[in-house]
Amino acid sequence: MKKQLPKPEYWQDFEDLCKNLWGQLWDIPLKIKKNGRSGQSQDGVDVYGVPKGEIDFWGIQCKGKDSYTNAQLTEKEIDVEVGRARNFKPKLAVFIIATTSNKDAKIEEYIRLLNVKHLQNDLFEVLLFSWEDIVDEILKRKIVLDYYLNSVNYNQEHGFSMSINGIENSDLILSPKYNRGTITDKIEQPPRYNPRSTSGSVLNLMVDGFGSSSKKTMLNCCLLNFELTNIGNCVIEDWKFIVDFGDGFVYVDIINSGWKKDLNYHIKSSVNVDNLKVIFCDEKPLIQKDIRIFQIWVTPREEHYETNLTWKLLARDFSIDGTIKVITIPNYEEKNRINEVKYNYEIKGPRQYTKPMISYT
């Protein structure tokens with residue numbers, strides 16, 4: 001998971017941020033300009049300039065979105081702004097749509113296809129920078145980061161971090177475990193007489209069981225340890241943390257919730273699971289350097305695939321959200337099995353099987 005920054009609350013602040021950031025990206029901090037003033041026709045361009053080393057103008061359209069409603073950029077909005085930008089004079093070489101919306105694969109595909117049509121018709125190139133892309137560029141440039149954090153229009157006192165299984169700055173990799181191999185039937189053999197034996201039964205290897213007192217763990221389930229930390233210098237109040245697993249998992253369940261050093265303490269308002277969405281909240285405020293943790297079992301699909309886990313923190317006067325790429329790589333242990341049957345007619349041909357690996361403790 002990459003470090004997150006709170007989104008600007010007002011579109012004017014986002015426009016100022018874009019001007020500052022792209023002034024650094026283009027190496028023209030004194031030559032990049034806003035286009036006109038509020039209320040004037042801008043031909044789809046809020047900020048423009050000629051990047052260092054280029055000869056043609058590049059333009060930026062700044063699309064701020066409300067993070068509380070999780071509003072997203074739409075194809076219709078893109079068509080409208082691109083159409084307006086074609087009227088900008090002089091002709092643009094590159095048109096950038098910068099948005100506080102989170103990354104969206106469908107919108108990115110739409111931009112790519114639109115860009116192909118433009119290049120084929122000798123029109124400007126179209127680029128999209130979603131909020132995660134913008135944060136990546138801000139974090140690479142201290143002068144822009146300092147500007148962002150010190151601006152009076154940003155809630156710079158708040159800070160929040162979240163890790164899963166101790167991971168903050170990379171993709172989360174899950175490795176559910178399975179047995180797989182070939183099942184072969186054979187006629188069971190009569191047990192040999194053993195005067196010391198108290199039972200003549202033969203263990204059927206297709207049955208898992210080591211006594212009712214054993215603790216059984218399905219190893220195709222993966223444990224996720226969530227750790228939430230207030231890294232700012234003010235209290236986070238009236239908050240809740242929401243994780244949406246989308247359609248990337250078969251099953252989600254709660255293990256426990258509590259303080260970092262006391263896993264037996266269960267928070268009153270605790271954790272709720274509803275249709276693969278987890279809501280974690282607490283009546284107590286999250287004070288500076290405070291930590292909350294909770295654990296969740298998830299069952300990935302039985303295949304090698306990638307999916308996105310989205311999260312957001314909603315609090316009084318503060319919100320932040322993010323997306324984590326989850327990569328599932330199943331771990332298979334080859335294990336052929338013999339299935340004992342009593343009669344010949346029960347014998348079937350060899351067949352493949354896959355079964356979750358089980359641990360007993």
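1. Lining of the largest cavity. Gln72, Leu73, Thr99, Ser101, Asn102, Lys103, Asp104, Ile107, Leu128 and Ser130 line the largest cavity of this predicted model. A cavity here is a set of points, on a 1 Å grid over the protein atoms alone, where a 1.4 Å probe fits but cannot get out; lining residues have an atom within 4 Å of a point. By class the lining has 3 nonpolar, 5 polar and 2 charged residues. Ala, Val, Leu, Ile, Met, Phe, Trp, Tyr, Cys and Pro count as nonpolar, Asp, Glu, Lys and Arg as charged, and the others, Gly among them, as polar.

2. Cavity count and volume. The count is 1 cavity of 30 Å³ or more. The largest cavity holds about 50 Å³ of space. Volume means the space filled by probe spheres set on the grid points, which are joined across faces, edges and corners.

3. Basis. This is a predicted model, where local features need pLDDT of at least 70, side-chain atom pairs count only at pLDDT 80 or more, and totals for chains, interfaces and linings use all residues. Residues are numbered from 1 along each chain as its sequence is written, and side-chain values use heavy atoms, with hydrogens and water left out.

4. α1 with α5. Helix α1 (residues 11-25) packs on helix α5 (residues 142-150) at about 165°, axes 9 Å apart. That makes α1 roughly antiparallel to α5. Helices (H or I, at least four residues) and strands (E, at least two) are DSSP runs, numbered from the N terminus. Axes are lines fitted to C-alpha atoms, for helices over the stretch in contact, and angles run from 0 to 180 degrees between N-to-C directions. Angles under 35 degrees count as roughly parallel, over 145 as roughly antiparallel, 65 to 115 as roughly perpendicular and the rest as oblique. The crossing is right-handed. A crossing is left-handed if the near helix is turned anticlockwise from the far one by less than a right angle, and right-handed if clockwise. Asp16, Leu17, Asn20, Leu21 and Gln24 in α1 meet Ile143, Val144, Tyr147 and Tyr148 in α5 (contact means heavy atoms within 4.5 Å). This contact has 6 nonpolar, 2 polar and 1 charged residues.

5. α1 with α4. The axes of α1 and helix α4 (residues 131-139) come within 11 Å and cross at roughly 55°. The two helices are therefore oblique to each other. Their crossing is left-handed. From α1, Phe14, Leu17, Leu21, Trp22 and Leu25 meet Trp131, Ile134, Glu137 and Ile138 of α4.

6. α2 with α3. Helix α2 (residues 75-85) and helix α3 (residues 105-120) pack at about 30°, with axes 11 Å apart. They are therefore roughly parallel. The crossing of α2 and α3 is right-handed. Glu75, Ile78, Asp79 and Val82 in α2 meet Ile107, Tyr110, Ile111, Leu114 and His118 in α3. By class that contact has 6 nonpolar, 1 polar and 2 charged residues.

7. Backbone checks. Most residues other than glycine have a negative phi, and most peptide bonds are trans. Lysine 89 and proline 90 are joined by a cis peptide bond, with omega about -5°. Proline 90 sits in the loop between α2 and β4 (92-99). Aspartate 122 has a positive phi, near 60°. Its place is the loop between α3 and β5 (125-129).

Technical notes. 1 Å grid on protein atoms, 1.4 Å probe; cavity = no way out; pocket = protein on both sides within 12 Å on 5 of 7 lines; lining within 4 Å.
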